[in-house]
Amino acid sequence: MRIQKTEGIILKRRNIGEADRLLTVFTKESGKIQIKAVGVRKITSRRSSHIELLNHVAFTLHTGKAAPILTEATTLENYTFIKNDLRRVGLAYHICEIIDALCAQDQEHRSVFFLLQNILHDISEEGNVVQKIYDFEIDLLHHLGFYPKSEMNKNFNPSYFIEGLLERKLKARPLLHKFY
């Protein structure tokens, strides 16, 4: 058993038991990992506000044989502008769903971490967000080795390509067309 410090962006969370939560976090060092946050659903928990979806958080974890256990959490960036706009939340969930589905567990992808961080900053700003999402999907496919950029043409639809890879429909994609 040892203590590990890392930082990551929370992609997904699931309640387990009465007061615990299982987090899916994309980190710089380890890629996508599962973290068990014990007691964070209690009213007295100091960590609960730090482990909200889309937060960029510095973690201290206790690692052992099972899933790492969260001992401390500090928010580095909470992307408030995204969370205050329903359209931007839909785009961010789309991004998180894609990364969660395409990235393997416990495999380092520093370039993907920085892509995720950059796209969340881009979604936070004004401008053509749909084009930025399209560019992100292409860059993600390239970084993960699913499709070379040299073979892409202007008619390439990365969302359909990703759905073909996953052999299922993306849950957040139909919402995107309602907002943009």
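Author: In this predicted model, the side chains of E97 and R168 form a salt bridge, with 3.4 Å between N and O, where a salt bridge is a side-chain nitrogen of Lys or Arg within 4 Å of a carboxyl oxygen of Asp or Glu. The partners come from distant parts of the chain, since E97 sits in helix α2 whereas R168 sits in the loop between α5 and α6 (173–179), 71 residues apart; helices (H or I, at least four residues) and strands (E, at least two) are DSSP runs, numbered from the N terminus. E97 is buried at a relative accessible area of 14%, while R168, at 36%, is partly exposed; buried means under 20% relative accessible area, exposed over 50%, and partly exposed in between, with a 1.4 Å probe and protein chains only.

Residues are numbered from 1 along each chain as its sequence is written. As the model is predicted, local features need pLDDT of at least 70 and side-chain atom pairs count only at pLDDT 80 or more, whereas totals for chains, interfaces and linings use all residues, and side-chain values use heavy atoms, with hydrogens and water left out.

By this rule, the count of salt bridges comes to eight. One of them joins D100 and K12, at 3.0 Å from N to O; D100 belongs to helix α2 and K12 to strand β1, so this pair ties together parts that are 88 residues apart in sequence. D100 counts as buried at 16% relative accessibility, and K12, with a relative accessible area of 41%, is partly exposed. K12 and D100 are also linked with K32 in a network of salt bridges. A further salt bridge pairs R88 with D85, the closest N and O atoms being 3.2 Å apart. Here R88 is buried, with a relative accessible area of 6%, and D85 is buried too, at 18%.

Helix α2 also holds I99, which is buried with a relative accessible area of 0%. Leaving aside residues up to four places away in sequence, I99 touches L11, F26, V112, L116, F136 and L140, contact meaning heavy atoms within 4.5 Å. The C-alpha atoms of I99 and L140 are 8.3 Å apart in space, although the two residues are 41 residues apart in sequence.

I99 and L116 have the most contacts inside the largest nonpolar core, which has 35 residues; a nonpolar core is a set of buried Ala, Val, Leu, Ile, Met, Phe, Trp, Tyr and Cys residues joined through side-chain atoms within 4.5 Å. Two or more residues of this core are given by each of β1 (2–16), α2 (86–102), α3 (110–124), α4 (129–144) and α5 (158–166), and the largest share, eight residues, comes from α2. Apart from this core lies another, of 13 residues, including L23, I33, L61 and L70.

Buried residues make up 47% of the 180 residues. Among contacts between residues at least 6 apart in sequence, 56% join residues at least 24 apart.
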